[in-house]
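Student: I am new to this structure and would be grateful for a close look at a single part of it.

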Amino acid sequence: MNHDPKTFRIKSFGCQMNVYDGERISELLTETGLAAATDGEDADLVVLNTCHIREKATEKAYSDVGRLKREDGSRPMIALAGCVAQAEGAEAKRRSPMIDMVVGPQAYHRLPEMLREAARGARPVETDMPALSKFDALPKRRRANPSAFLTVQEGCDKFCTYCVVPYTRGAEISRPRADIVAEARALVEGGAKEIVLLGQNVNAWEHEGHGLAELIREIARIEGLERIRYTTSHPADMTDALIEAHGEVEKLMPYLHLPVQSGSDRILKALNRSPTTETYLRTIEKVRAARPDIAVSGDFIVGFPGETEDDFEATLRIVDAVRYAAAYSFKYSARPGTPAAMMEDQIAPEIMDERLQRLHARIAETQLAFNRSTAGRETQVLIERRGRRAGQMIGRSPWLQSVHLHTSAEPGAMLDVTLTAAGPNSMTGALRQKDAA
Ligand code: 5AD
Ligand code: SF4
């Protein structure tokens, strides 16, 4: 192991908040004097920014640590960061002797200090959750992707019975409005055209009596910023003010990620998810009244303890009722320390597999139907990256669809595009006259 790391690499897993944290860790390490390793180069320090949401994700963290051993038997300095670090703490060092540092998602501003301690041979563990102090200690944002993440809220007080987030990310806290607006400005100055406001419970953001709708309206006033999104929302916090903003704020994109998790009220109760399917559907109706073309996406858990075939069929029905433009579905995974892990009637793996397949198929249908409904539309696409084929670029439509098109425009360009064809997972686009010239 190199005790004086000069180069680093960060691997982020899990949600977008981890991607955001990974970017901030990268900025912090750069400010400390390290340089990001180039592609293919062996980094002196590897930060594994891990996810604990399902058992598979946690196991992956440890197998990734093992894989960092090089052929000659040497290895980089290894920092275990993120939610596995938070959940396991010092236990992680016992499980893997290769781990030099363990740092939770609220403590990574201490990394420079921890690196010095590790260089002296210590194996520091930082899993304190000092509310908001990391944000004050991190360097200012300078460069940003065309679509930039901005964490506005962290943690969760909802305690869904299956979920580790309240334990790994801590209690719900909102960052102050002025800090968020300042960071948004810095991101736009650094090249962002779109800002995605992030929070485990983003629509519960609240500061000095202001809610997310007001925050969105304020950020929309930033010149040079063209698009605003936010994720992930909880159905119980979907206020009328936020719904209205969808009809009024032009920069707010017509997309809403609003997970319901199950279509069965009996299961929703067991999940400790508050609104019933009826209130959820009513919320979706209101959102569509405010913004008729809105793309709705969701998350589902199949095979929660006690889920019957009837419960599962209710989930299939809610997919049809909402006509999701996209949805993510997961097999229930018992997480240590959560109430559901102790429940009886855990569902057999074969049943979970079978239900997951049926749910995937149903979601694929509604997603393709949504994509087809947008074919032929003239819209704008924000170019994000190069495609696989020569001259091909990939961007996003307002409805968050990936759009493949041929253009010489660079990432960050906002182009007038006609969506010419719909696929199951993406759209094809063609430049409209103005840009084609
Ligand atoms: N098992 C399976 N899926 C889970 N999710 C959260 N916790 C679990 C779990 N224990 C899913 C939920 C959530 C998404 C981010 O991950 O659907 O919305
Ligand atoms: Fe994974 Fe949840 Fe942590 Fe995000 S907050 S990294 S989804 S465990």
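Which strands each supply at least two residues of the shell around ligand 1?

Tutor: The model is a predicted one, in which local features need pLDDT of at least 70, side-chain atom pairs count only at pLDDT 80 or more, and totals for chains, interfaces and linings use all residues. Residues are numbered from 1 along each chain as its sequence is written, chains are lettered from A and ligands numbered from 1 in the order in which they are written, and side-chain values use heavy atoms, with hydrogens and water left out.

The strands are E15 (295-302) and E16 (326-331); strands are DSSP runs (E, at least two residues), numbered from the N terminus. The shell, meaning residues with a heavy atom within 4 Å of the ligand, consists of Ile53, Arg54, Tyr162, Gln261, Asp299, Ile301, Phe330, Lys331, Tyr332, Ser333 and Arg335. By class, these residues are 5 nonpolar, 2 polar and 4 charged, where Ala, Val, Leu, Ile, Met, Phe, Trp, Tyr, Cys and Pro count as nonpolar, Asp, Glu, Lys and Arg as charged, and the others, Gly among them, as polar.

An oxygen atom of ligand 1 lies 2.6 Å from a side-chain N or O atom of Asp299, and an oxygen atom of the ligand is 2.7 Å from one in the side chain of Gln261. At Tyr162, a polar backbone atom is 3.0 Å from a nitrogen atom of ligand 1. On its own, ligand 1 has 400 Å² of accessible area, of which the protein covers 86%, by the Shrake-Rupley method with a 1.4 Å probe.

Key
Polar contact = N/O pair within 3.5 Å; in protein donor to acceptor, adjacent residues only side chain to side chain. Helix = DSSP H or I, 4+ residues; strand = E, 2+ residues; numbered from the N terminus.
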